[in-house]
Amino acid sequence: MGDRYLVEPDLDFVKDVIGRGGDSLKKCFQCATCAVVCPISPDKKPFPRKEMIAASWGLKEKLVHNVDIWLCHECGDCSTSCPRDAKPGDVLSAVRSLAISDYATPKFIANAVNDPQKLPLLLGVPAIIFAVLAFLTMYCGGMMETIFDSIFGFTGFHWSHGTQSDVTSHSDFVSTWFVDMVFVPLAFLAVLVFAQGLVRFVNDIHANAVAEGKTDKEEFEIAGFFQALVRVIPVILKHDKFSECSENKDRATAHLMVLFGFIGLFIVTSIFFVVMYGFGIHGPYQQLNPVKWLANIAGISLVIGGALMIKNRLTKENQTSSYKDWYLLGLVFGLGATGMLTEMTRLAGSAFLAYFFYYLHLILIFNLFAFLPFSKMAHFVYRTVAMAYAEYANR
Amino acid sequence: MDKKYGVYICTGCGIGESVDVEKLSEIPEEEGISCKSHPCFCGNEGLELIKKDVADGTNTISIVGCSRRVNFDIFKFDGCIVDRVNIREQGVWSHPRSKYPAPTEEQKDDEEFIDQVQMLADDYLKMSIAKLEKVDIPEPFKLDAISKKILVIGGGITGISAALDAVKAGYDVTIVEKEAQIGGYAAKLRKQMPVEDPYENLIPLQINAKINEVEAYSNITVKTNTIVARIAGQPGEFTVTMKKPGDKIEFDVPYPLPEEMKVDENGKELDVEKLAEVYKEYNSGKTDILTLDPDGELFGAVILAAGWRPDTLEGDTYAHLGYGEIPDVVTNSQFEEIAAAGKIKRPSDGKEAESVVFIQSPGKGEDDSDFNYCGSVTSMVSLKQARYVREDYIDGKAYVVYQHMRTPGLQENFYKSMQQDEGVFLTKGEVMSVSKNGSGLIVDVDNTLLGEQISIKADMVVLAAGMVPATMDDPVINLAYRQGPGFRDNDLFDQYADSNFICFPYETQRTGIYAAGCIRRSMTIEESMEDATGAALKAIQCIESVNRGVSVHPRSGDMTFPDFFFQRCTQCKRCTEECPFGALDDDEKGTPLLNPTRCRRCGTCMGACPERIIGFADYNIDSVGSMVKAVGVPSEDDFDEPPFRILGLVCENDAYPALDIAGLNRLELNAQVRFIPVRCLGSVNVIWIKDALAQGMDGAFLLGCKHGDDYQCHFVKGSELADIRMKKIGDALTSLALEEERVTQFEVAIDEYDKLPGMINDFVEMVEALGPNPFKGF
């Protein structure tokens with residue numbers, strides 16, 4: 001048979017694509033209007049026409065291992081122009097969701113993240129964990145202090161961070177130690193999951209690009225790839241690719257706000273972390289502190305960006321929004337909203353409300369960290385790597 | 001008939017401004033014919049003028065003005081012969097005064113001044129008067145007794161539908177079906193493609209309801225286990241002999257001698273008597289075509305709905321597909337049989353066929369053509385059968401590999417709906433091979449939409465074999481016609497029963513026989529039912545036209561028919577052989593016998609006859625010949641530089657309208673040409689050309705329809721025959737020391753009016769270069 005590609009359609013994959021918002025995929029009749037109108041598709045072997053037939057034939061590997069699905073920014077130009085209403089943009093979005101699930105381990109978490117019936121579980125687990133931790137912090141402080149000192153006494157750290165008794169501090173509700181004991185390992189776990197996924201991912205997209213003639217690079221060189229990554233970062237930060245879309249310009253703005261919101265909050269959290277463990281200075285910071293400015297701006301940016309995204313999804317008629325989209329948008333907006341509300345109620349002096357929103361905030365952060373490699377949120381890693389690969393491979 | 005002539009010259013539409021009507025009126029007046037002019041004869045006032053004359057006894061009328069193709073319903077006077085002289089479209093509109101100036105006051109008396117437009121108008125009027133002298137009012141041909149019964153050959157969905165349509169319109173019908181029951185292929189399916197809105201899903205078979213409907217009508221006679229042994233006679237009185245399939249009876253139709261039997265062992269043609277002897281021997285036991293079966297049943301018209309058979313796909317072209325070699329490679333009709341019997345199982349081992357590849361085009365060749373005798377129906381059948389696979393197996397996979405996916409009209413909805421099934425996979429592609437792979441099959445396909453060379457695993461492969469018309473294997477209609485029992489020239493149509501698919505659907509090359517359904521092209525059940533209605537209406541039109549003694553089509557309503565002057569017939573049989581519709585039989589001596597209701601009035605016989613003994617009441621050798629002779633041919637006696645004269649014989653079906661459209665668009669034509677409309681180029685007798693050249697005209701051309709494989713001739717063979725005759729005339733011209741280029745034939749389609757000026761004017765220039773006809777002035 002030589003170089004022939006043995007076609008083995010995976011019916012379950014077709015059903016999965018349909019289930020994740022690609023229910024229009026079978027309408028495609030391969031006219032290639034999508035590949036023509038797409039502003040960011042390359043001239044050689046353009047997408048998404050070929051992805052559409054691969055999806056309707058259930059050729060999982062041709063899609064999951066395909067760098068092109070990540071080059072798409074789901075602007076919707078293709079879906080608007082499609083004469084059959086096959087919505088290539090939504091199909092690719094569903095395919096990406098499946099790709100994320102495919103590269104993430106363990107699978108049951110990936111499935112749970114994409115299953116609305118598992119949402120109570122996803123929220124319930126952190127709710128219980130933090131309820132227990134809050135109970136320990138608030139009612140067993142003395143006991144915890146004893147235990148802490150007997151184990152970590154030599155380091156000079158103290159159990160309690162609540163030094164200013166006149167200020168409402170979240171660490172009086174759930175100890176910062178507890179918070180970091182949960183999230184630091186979670187963050188490392190997420191990085192691990194990503195790492196093992198990315199190794200496979202990079203190998204797969206390279207093999208696929210070579211097999212389908214989408215690259216002139218035969219061997220994958222890690223150094224060249226990283227140089228490409230450096231070149232791509234400004235493109236991502238400036239949303240250059242995103243802005244090329246004509247159909248959906250306002251989405252780029254919303255996305256930009258959310259992205260910078262997250263970056264800002266990441267910086268704030270890192271500073272806070274370093275200052276606390278390095279210099280022993282605890283929060284909450286004064287509002288005049290520049291770090292606080294950044295935190296507030298980033299938080300507002302996240303709330304507004306998230307709200308805009310939700311509005312866009314609700315008003316856009318020829319775009320299908322499925323559970324995976326709403327889960328992420330809910331998370332993004334919820335994170336910003338609960339964060340800001342926590343701060344505002346704290347400043348207003350209502351300890352009960354402040355703790356309540358902080359509790360919700362912690363549940364959502366748990367969702368963000370724990371399910372990062374499994375949810376649609378993982379796109380920030382895969383798309384970045386894919387764009388870097390495309391840059392490297394002269395795609 | 002005592003002719004009282006009247007000439008009416010219209011001065012409207014720019015004629016009066018261009019032509020000197022007073023001078024033109026002198027022509028009829030010199031012959032004592034009354035001549036009137038009016039600015040608008042088609043208006044009430046003008047029309048009243050003519051009607052008054054008609055009331056006073058005028059019965060032979062020449063209306064000088066617009067083309068015969070317009071206002072024909074206005075200039076219609078009972079009991080009168082009306083001729084139209086077209087000096088509008090083909091006169092003043094296409095010969096502007098800017099190009100052919102009118103004489104100035106000083107030039108009016110200048111004998112050397114050539115007023116081209118006036119000469120043209122003069123000639124056309126003279127030609128009209130000459131013609132009117134030679135024509136008569138036609139009298140219809142009426143049969144003594146007419147049968148209005150309709151015979152339907154074939155009891156499938158088409159035949160049944162046609163029978164129902166005809167019976168509902170009030171006509172008695174007999175269906176003959178060769179099998180033991182009616183229903184045909186439509187009764188052997190698992191499911192049927194949709195026939196009504198929303199055209200999305202497969203539907204249960206409709207045929208049983210139709211059969212029940214047929215049984216409810218007492219005036220539909222169904223004869224199963226029956227075929228047609230012979231159809232003799234002509235529309236309105238077809239004498240039909242029926243028999244059981246396989247029987248040999250005396251009224252089996254005799255066949256014409258094959259070519260190899262018409263010569264002796266040395267390859268020399270046999271003489272007439274010997275031929276008759278061989279013919280009798282060849283058809284021994286069969287009664288001659290002219291003897292009517294006394295027990296035969298009379299019918300007025302025939303609907304041919306004999307349908308199709310699945311193509312057998314033999315030969316090397318299909319070797320790479322494994323058909324015949326691998327039992328699990330089947331045709332679509334074999335697959336339908338399997339599907340109708342139950343769950344889809346592999347023929348080789350009875351294993352469930354969960355993965356099936358449907359191949360629409362043989363592939364591996366120079367072109368991307370589908371299987372022979374395919375059509376949109378085979379595309380849709382593949383979608384339907386893909387659905388069967390999905391119905392039978394939850395994890396079933398149906399692949400359709402096509403070069404063309406044809407789903408016309410609202411069947412697009414059907415395609416869309418079948419496409420929605422997640423287990424149906426469609427791609428364009430070129431199939432390279434089908435081979436065994438363990439107990440299954442593997443199909444290799446190139447150039448797919450998936451972007452590369454692919455292989456597909458399959459349990460079964462289904463080939464979209466075409467639907468071969470029944471007329472491929474057998475004449476079916478078994479006509480007792482001298483030209484033979486089947487349709488002649490059917491090779492042109494790959495044996496489909498057809499004559500001109502686009503222009504004249506249902507009409508075959510035999511008047512009174514109307515084809516419907518898959519004998520005409522591959523069709524779905526829905527299309528077949530619609531087709532049946534068309535053929536039924538045609539059959540009824542035929543019967544009612546015959547009843548009134550007029551032609552059916554394409555010259556619908558024409559009352560004339562060819563008239564033979566038998567005293568001068570030399571029994572050369574040309575008319576019998578050349579008639580495109582087999583209207584003429586001949587007796588043992590070879591004398592032609594006309595069957596007027598088979599005739600379409602094209603005049604091909606008239607063009608063929610070397611003795612010029614065939615003519616129509618209003619169109620004959622003499623009428624056209626007189627028109628040719630009426631053309632004024634100026635010689636050096638008249639002018640120092642006499643203008644040329646060129647004859648254009650123009651087919652009135654497409655070429656004449658195209659000329660009118662050219663005029664309507666004010667395209668300029670050379671004023672030295674004189675046009676004469678002819679019924680068909682097939683009716684052009686070479687004597688007219690000879691007459692034209694003999695009287696000094698410088699050239700002649702025929703303007704008619706395209707001939708050949710994709711001919712546009714309304715009478716199938718007319719323009720082709722004319723072409724052969726014109727090539728022969730070339731030799732005669734050479735012997736007269738005339739250049740053979742002086743006579744030619746042009747092909748033109750009705751929409752090519754813009755090409756006409758170039759065609760005609762170039763020809764005139766070419767003739768001018770040859771110089772004037774040396775016979776001028778004799």
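Mentor: Chain A has 18 helices and 1 strand. Helices (H or I, at least four residues) and strands (E, at least two) are DSSP runs, numbered from the N terminus. This is a predicted model, in which local features need pLDDT of at least 70, side-chain atom pairs count only at pLDDT 80 or more, and totals for chains, interfaces and linings use all residues. Residues are numbered from 1 along each chain as its sequence is written, while chains are lettered from A and ligands numbered from 1 in the order in which they are written.

Trainee: Why is chain A called as compact as a globular protein of that length?
Mentor: The radius of gyration is taken over C-alpha atoms, and the globule rule is 2.2 Å times the number of residues to the power 0.38. For 395 residues the rule gives 21 Å, and chain A has 23 Å, which is close, so the chain is as compact as a globular protein of that length. Its C-alpha atoms fill a box of roughly 75 × 45 × 40 Å along the principal axes.

Trainee: What makes a residue of chain A count as buried, and what percentage does?
Mentor: A residue is buried if 20 or more other C-beta atoms, placed from the backbone, lie within 10 Å of its own; 12 or fewer make it exposed, and in between it is partly exposed. By that test 43% of the 395 residues of chain A count as buried.

Trainee: How do you know which residues of chain A and chain B are in contact, and how many are there?
Mentor: Two residues are in contact if their C-beta atoms, placed from the backbone, lie within 7 Å. On that basis 18 residues of chain A are in contact with 17 residues of chain B. On the chain A side, β1 (5–7), α1 (11–22) and α3 (49–56) each supply at least two residues, and α1(A) gives the most, with 4.

Trainee: What classes do the residues on that side of chain A fall into?
Mentor: They divide into 11 nonpolar, 1 polar and 6 charged. Ala, Val, Leu, Ile, Met, Phe, Trp, Tyr, Cys and Pro count as nonpolar, Asp, Glu, Lys and Arg as charged, and the others, Gly among them, as polar.

Trainee: What makes β1(A) and β19(B) a pair?
Mentor: Two strands pair if DSSP finds at least two bridges between them. Here 3 bridges join β1(A) to β19 (residues 454–458) of chain B, and the strands run parallel. In β19(B), Ile456(B) is the bridge partner of Val7(A).

Trainee: How are the domains of chain A set, and how many residues of each are in the contact?
Mentor: Domain bounds come from an automatic or database domain assignment. Chain A is divided into domain 1 (11–104) and domain 2 (116–392), with C-alpha centres 28 Å apart. The contact takes 26 residues from domain 1 of chain A and 38 from domain 2 of chain A. The largest share of the domain 1 side, 7 residues, comes from α7(A).

Trainee: What makes a set of residues a nonpolar core, and how many residues has the largest?
Mentor: A nonpolar core is a set of buried Ala, Val, Leu, Ile, Met, Phe, Trp, Tyr and Cys residues joined through C-beta atoms within 7 Å. The largest has 216 residues, and Ile303(B) is among those with the most contacts inside it. Leaving aside neighbours within four places in sequence, Ile303(B) is in contact with residues including Ile150(B), Tyr514(B) and Ala539(B). A second, separate core of 98 residues includes Leu584(B) and Cys680(B).
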